Amino acid sequence: MHKFKWSLILPWIVGVFFVAGGLGNIFASNTILDDYQRWEYPGWFHYVTGIVELVAAALILLRSTRLLGLALAATIMLAAITTVLGHGEYSHAIAPAIALGLVLLAGWTTWRAGLAVSR
């Protein structure tokens with residue numbers, strides 16, 4: 001029986017998540033635009049967020065830059081958590097916290113797989 005390799009699958013799941021998030025921020029709905037306004041970000045900031053998310057996704061999907069992309073993705077999720085907690089929107093911190101957990105898990109499995117190869 002073939003062993004399931006989380007170190008190969010999980011980064012792709014996270015990468016696709018960040019592609020979707022990036023596109024969702026670039027082509028933001030009125031709800032998302034209202035969120036950014038409520039959080040007192042400039043009107044163009046959703047574009048920056050979307051582009052950075054797409055960069056993170058691209059770095060994650062390339063094996064040679066995966067750990068860098070996961071570090072960027074973790075930073076994005078920490079910023080999202082900080083934003084919503086700073087505005088007292090505690091329930092809105094759940095989704096980015098779960099995403100951060102998946103990013104960290106993907107980073108750990110990627111790092112462990114790299115250690116196994118280098119031995």
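**Exercise 1. Is Glu40 buried or exposed, and where is Glu40 found?**

Step 1. Glu40 has 68% relative accessibility, so Glu40 counts as exposed. The cut-offs are under 20% relative accessible area for buried, over 50% for exposed, and partly exposed in between (1.4 Å probe, protein chains only).

Step 2. Glu40 lies in the loop between helix H2 (30-38) and H3. Helices are DSSP runs of H or I with at least four residues, numbered from the N terminus.

Step 3. Its phi is near 65 degrees, a positive value in a residue other than glycine.

The model is predicted: local features need pLDDT of at least 70, side-chain atom pairs count only at pLDDT 80 or more, and totals for chains, interfaces and linings use all residues. Residues are numbered from 1 along each chain as its sequence is written, and side-chain values use heavy atoms, leaving out hydrogens and water.

**Exercise 2. Describe how H3 and H4 pack.**

Step 1. The angle is about 150 degrees, and the axes are 6 Å apart. Axes are lines fitted to C-alpha atoms over the stretch in contact, with angles from 0 to 180 degrees between N-to-C directions.

Step 2. H3 is therefore roughly antiparallel to H4, a term for angles over 145 degrees.

Step 3. Contact means heavy atoms within 4.5 Å. Among the H3 residues making it are Val52, Leu59 and Leu61; H4 residues include Arg66, Gly69 and Met77.

**Exercise 3. Which residues does Phe18 touch?**

Step 1. Leave out residues up to four places away in sequence.

Step 2. The partners are Glu53, Leu54, Ala57, Ala73, Ile76, Met77 and Val103.

How values were computed:
Helix = DSSP H or I, 4+ residues; strand = E, 2+ residues; numbered from the N terminus. Parallel < 35°, antiparallel > 145°, perpendicular 65-115°, else oblique.
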